[in-house]
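Student: I would like to take a close look at a single part of this protein. Could you please describe that part in one connected account?

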Amino acid sequence: MTAAAAAGLAARFVGRFGRAPQVAWWAPGRVNLIGEHTDYNDGFVLPLAIPYGVAAAVAARPDGVLRVASAQVPGAPVEVAVEALAPGAVSGWAAYIVGVVWALRAEGHPVGGADVLVDGDVPLGAGLSSSAALGCAVAAALADRGGLALPRPELARLAQRSENAFVGAPTGIMDQSAALLATAGHALFLDTRTLAAEQVPLDLPGHHLALLVVDTRAPHALVDGAYADRRRTCAAAARTLGVPALRDVPAGGLDAALAALADPVARRRVRHVVTENDRVLRTVDLLRRGDLRAVGPLLTASHESLRDDYEVSVPRLDVAVAAALAAGALGARVTGGGFGGCVVVLVAAAAVPSLAAAVADAFAAHGWDRPRPFTVLPTAGAHPLDVSG
Ligand code: ADP
Ligand code: MG
């Protein structure tokens, strides 16, 4: 975020609260390159942070009152006494902010009243994790203001706890990890069981490649129920197979695992998770060797697995992927939980305009809203903003 943008954030804070902010942090959204629906199976993910994010500005209050506002939400700030905080006390967008204060306090950190303003440019609910960008920016700003020496993995866990227990969204640790741990020019290879993290080089310009994200703007429907349903199926299959989590089924053990499962739906879900973990490992291997182009077919295989075995795709995602591949993409897949949101496309940099046009044409032919394409480069995770004026 530029100095001018930080000054704008400070000015909006004054406009909302009539006083200056004391600290501010910015945290990015993310695109998951590969490793979808693996995180709640203790598996592997490979996200990268994107140059779109959420900034959070904070000033402490001595009266124990928490006032939260968003530049994206008109109206008066939401107000609540920190002493009264408990899951359910606040709902809607404000819960994503208030929940972080709750999580910090629940773990004994001395966080009191505050004025908090957030301002972001990650499209909401598009699978680019505006929610984690928001939670992590708020967590980092509050920790900074309170002088709490919390390491970044700890901030990630607290932001996840807020989203899980206060907002009520049962998400894994991937999004918060990307927002806080990512480094520029790298994807973040994360083992969601051990939380071991490795920065894997992803030098797109050096290979004349681009990552094109296309927001399909497909309306989300039934997302929460379908997500919970798949989590349950995976957990039940792991119990049947006698392993702590599906991560413990190696690619070489897939056939035996499938033979041990009676339910065809469970078999498809397990096949996705096991093959997806394997695709992440193979992708990481290729990136370590600098063979970026060879990653393309793994992305496409991931999409097919999510479409056919995990059944989380929708027509707009499939059409976007098919149009991208027909226009020469090296690989393409849905990114995020599915049922709408974005696809990510690996493509020769020179082909970005024609490829974006091809996807737009395909959508026009179906009479769908114009998709929003944009390229991303792997960006560094959260950083402080200078709002001292
Ligand atoms: P995603 O994380 O993929 O964008 P989620 O449904 O997990 O989708 O989170 C989106 C929600 O996060 C929004 O509906 C809103 O409640 C909250 N949110 C994210 N960014 C902002 C913002 N800048 N201002 C207010 N609320 C936000
Ligand atoms: Mg989210």
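Tutor: P21 counts as buried, because its relative accessibility is 8% (buried means under 20% relative accessible area, exposed over 50% and partly exposed in between, with a 1.4 Å probe and protein chains only). The model is a predicted one, in which local features need pLDDT of at least 70 and side-chain atom pairs count only at pLDDT 80 or more, while totals for chains, interfaces and linings use all residues. Residues are numbered from 1 along each chain as its sequence is written, chains are lettered from A and ligands numbered from 1 in the order in which they are written, and side-chain values use heavy atoms, with hydrogens and water left out.

P21 sits in the loop between α1 (3-17) and β1 (23-34); helices (H or I, at least four residues) and strands (E, at least two) are DSSP runs, numbered from the N terminus. Apart from its neighbours within four places in sequence, P21 is in contact with A10, F13, A57, V58, A59 and V387, where contact means heavy atoms within 4.5 Å. From P21 to F363 there are 342 residues in sequence and 44 Å in space, C-alpha to C-alpha.

Elsewhere, an open sheet has four strands in the order β9-β10-β8-β11, with antiparallel pairing; two strands pair if DSSP finds at least two bridges between them. β9 (331-335) and β11 (372-376) stand at the edges, each with a single partner strand, so one side of each has no neighbour in the sheet. Five bridges join β8 (residues 209-215) and β11 in the antiparallel sense, and L212 has T375 in β11 as its bridge partner.
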